Amino acid sequence: DWTPAAFVQETIEKIKAQVGDKRVVMALSGGVDSTVAAELIHKAIGKNLFCIFVDNGLLRKNEYETVLESYKHMGLNVKGVNARDLFYGQLDGVSDPEKKRKIIGRLFIEVFQHESAQLTDISFLGQGTIYPDVIESVSVNGPSVTIKSHHNVGGLPEKMNMQLVEPLRFLFKDEVRRVGREIGISDVFLGRHPFPGPGLAIRILGAITPDKVAMLQEADAIYIEGLREAGLYDKVWQAGTILLPVQSVGVMGDERTYEFTVALRAVTSTDGMTADWAHLPYEFLAKMSNDIINRVKGINRVVYDISSKPPATIEWE
Ligand code: XMP
């Protein structure tokens, strides 16, 4: 019978046997998989695991600082790399979603390789690959193939010519969570909604500017915090805000405004392949609309996305 406790013990022994006293480098994303994988490797080899956490400027509000702090608190040997300007610079004027993804994926690899090259005697690359990633990357069609090819650290090994350490390779997501709980990973990591590798870049329709990122981060923080306060966060599979490339007329006091619209998205799902829009209470949506419009400068309209997948997708790009 599979138990998290037995898995943890066995896996730590396996990693010790595989890696010995050599060194492992690994990229962290703030997500469940890379965090649990890193902690398992850390338990096996301690300070010989070197982690890199990149700020691409497209994370949620305060996410970089908070997550980096949590990693340090866990005792991980982690280096935070602020690469915001590099990403903003290369994304400047780019509005095609697939181009955005390619640029972000390429820059991520560049930054990671550059940082890894500063470390000496690295023999292994750690990865949070889970079983569905393994299946998806060998199947031929279907949306998830494209999804995985974009980011998720998937392009690293061929380029870097290192042996892989992938402790979660045969686990499903719920098993990863159970293992995470077993080794004491905080619920903040384990219960977190999925978040796409390209981050807010694919939630800002059209070209990205630092101002738009800041605006969306504010709206998103209000929405996510609101979901938590209302006890709705754990009831939806994924939620987020989308900044539309549309300005519309509004009034504030005696003034006519001409500002942006934010769409709220929340879905229920089991695997992200199909999804239903979440039937959030009207009162909650009304509060979110008020809070966002009152508190975020530049936004004067909020809409709720009532499309399911298929035929819509969860993200808008
Ligand atoms: P869609 O929009 O295809 O999203 O319904 C399904 C799930 O995949 C996530 N997603 C991505 N994840 N890189 C990622 O790592 C991507 O380019 C990407 N695009 C979509 C999306 O957030 C949802 O959880």
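Me: Where is the place of asparagine 62?
Reply: Asparagine 62 sits in the loop between strand 2 (49–55) and helix 3 (63–73). Helices (H or I, at least four residues) and strands (E, at least two) are DSSP runs, numbered from the N terminus. By the way, this is a predicted model, in which local features need pLDDT of at least 70, side-chain atom pairs count only at pLDDT 80 or more, and totals for chains, interfaces and linings use all residues. Residues are numbered from 1 along each chain as its sequence is written.

Me: What makes asparagine 62 exposed?
Reply: Asparagine 62 has 11 other C-beta atoms within 10 Å.

Me: What is the phi of aspartate 121?
Reply: Aspartate 121 has a positive phi of about 60°, although it is not a glycine. Asparagine 62 also has a positive phi of about 60° and is not a glycine. Most residues other than glycine have a negative phi.

Me: How do you know that the reach of helix 5 is close to the one expected?
Reply: Helix 5 (residues 97–117) has 21 residues and reaches 30 Å from its first C-alpha to its last.

Me: Which residues of helix 5 are buried, and why do they line one face?
Reply: Lys100, Arg101, Ile104, Phe108 and Phe112 are buried. Seen down the axis of helix 5, the buried residues fall within an arc of 95°, so they line one face of the helix. That arc is of the directions from the helix axis to the C-beta atoms. The face turned away from the buried side carries exposed residues, including Glu98, Lys99 and Arg106.

Me: How many residues does the largest nonpolar core have?
Reply: The largest nonpolar core has 69 residues. Such a core is a set of buried Ala, Val, Leu, Ile, Met, Phe, Trp, Tyr and Cys residues joined through C-beta atoms within 7 Å. Domain 1 (4–190) and domain 2 (209–304) both give residues to this core, so it lies between them. Those bounds come from an automatic or database domain assignment.

How values were computed:
The expected span of a helix is 1.5 Å times one less than its number of residues. A residue is buried if 20 or more other C-beta atoms lie within 10 Å of its own, exposed if 12 or fewer, and partly exposed in between; C-beta atoms are placed from the backbone.
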